[in-house]
Amino acid sequence: MVEYYIGYIGIIVIHEMAHFLLLKIFHVKEIQITVGNFIYLPVGIFRISPFVLSGSVAFSDSDFGKLKLLPKLMIVMAGPSANILIGLLLSPWSWVLATLSYLMAVVSLLPIPFFKTDGGYIVKLLYDHLAPKKQAIHTPVPKK
């Protein structure tokens, strides 16, 4: 059972490293990778916890905001894509870890706003891109 937990942690790390790799390719700075929950041990750009249920990548909004829609979507989709690839690679040896990897890809693509999933971020990116921009309404100042 412990080997499955260690494999699960490895799947989370690869998922987050896929995001990290594309963030580096697109020159986004101030990246911080978190693996785990609750108590963290900072190690360089990593924050590692002994209690691992999930992971996340934090980055500079100013650099990320300058990117066009396609690079943003590529960065967000890198993690779930890595999970699908891991599942394909692991399926001949461990159906349990392959299934965990597939499930992680599916769950991370669900648009659940309060969990801040990749899918929720994709919906936000698409909404911000496709929604009409609100223009400021100019109201004249009444003359006295």
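Predicted model: local features only at pLDDT ≥ 70, side-chain atom pairs only at ≥ 80, totals over all residues.
Some ground rules come with the model: local features need pLDDT of at least 70, side-chain atom pairs count only at pLDDT 80 or more, and totals for chains, interfaces and linings use all residues. Residues are numbered from 1 along each chain as its sequence is written, and side-chain values use heavy atoms, with hydrogens and water left out.

## Pockets

Rolling a probe the size of a water molecule over the atoms shows where empty space is left. Here a pocket is an open set of points on a 1 Å grid over the protein atoms alone, where a 1.4 Å probe fits and protein lies on both sides within 12 Å along at least five of seven lines; lining residues have an atom within 4 Å of a point. Grid points are joined across faces, edges and corners, and the volume is the space filled by probe spheres set on the points. Nonpolar covers Ala, Val, Leu, Ile, Met, Phe, Trp, Tyr, Cys and Pro; charged covers Asp, Glu, Lys and Arg; the others, Gly among them, are polar. Helices (H or I, at least four residues) and strands (E, at least two) are DSSP runs, numbered from the N terminus.

The largest pocket has about 1000 Å³ of volume. Its lining counts 31 residues, and those nearest the centre are G55, F115, K116, T117 and D118. Two or more lining residues come from each of α1 (2-25), β1 (32-37), β4 (51-58), α3 (69-90), α4 (95-109) and α5 (118-130). Helix α1 supplies the largest share, 6 residues. By type, the lining splits into 16 nonpolar, 11 polar and 4 charged residues.

The second largest pocket holds about 180 Å³. Among the residues lining this pocket are D61, F64, K68, Y121, K124 and H129. The elements giving two or more residues there are α2 (61-65), α3 and α5, and α5 gives the most, with 5 residues. This lining has 5 nonpolar, 2 polar and 5 charged residues.

## How α1 meets α3

Two packed helices are described by the angle between their axes and the distance between the axes. For α1 and α3, the angle is about 145° and the axes are 8 Å apart. Those axes are lines fitted to C-alpha atoms, for helices over the stretch in contact, and angles run from 0 to 180 degrees between N-to-C directions. The crossing is right-handed, meaning that the near helix is turned clockwise from the far one by less than a right angle.

Contact means heavy atoms within 4.5 Å. On the α1 side, the residues involved include I11, I14, H15 and A18, and they meet a set in α3 that includes M74, G79, P80 and N83. The residues of this contact comprise 12 nonpolar, 4 polar and no charged.

So what does N83 touch, not counting residues up to four places away in sequence? The list is I11, H15, S101, M104 and A105. N83 lies in α3 and is buried, because its relative accessible area is 0%.

## Residues worth a click

For accessibility, buried means under 20% relative accessible area, exposed over 50%, and partly exposed in between (1.4 Å probe, protein chains only).

| Residue | Relative accessible area | State |
|---|---|---|
| I6 | 55% | exposed |
| F38 | 60% | exposed |
| K116 | 75% | exposed |
| L109 | 30% | partly exposed |
| F51 | 41% | partly exposed |

Most residues other than glycine have a negative phi, and most peptide bonds are trans. F38 has a positive phi of about 75° without being a glycine, and sits in the loop between β1 and β2 (41-43). K116, also not a glycine, has a positive phi of about 50° and belongs to the loop between α4 and α5.

F51 is in strand β4. Leaving out residues up to four places away in sequence, F51 touches Y5, G36, N37, F38 and I39.

L109 belongs to helix α4. Beyond its neighbours within four places in sequence, L109 contacts M77, P80, G119 and I122. The C-alpha atoms of L109 and V43 are 28 Å apart, at 66 residues along the chain. I6, in helix α1, has its C-alpha 9.7 Å from that of V52, 46 residues apart along the chain.
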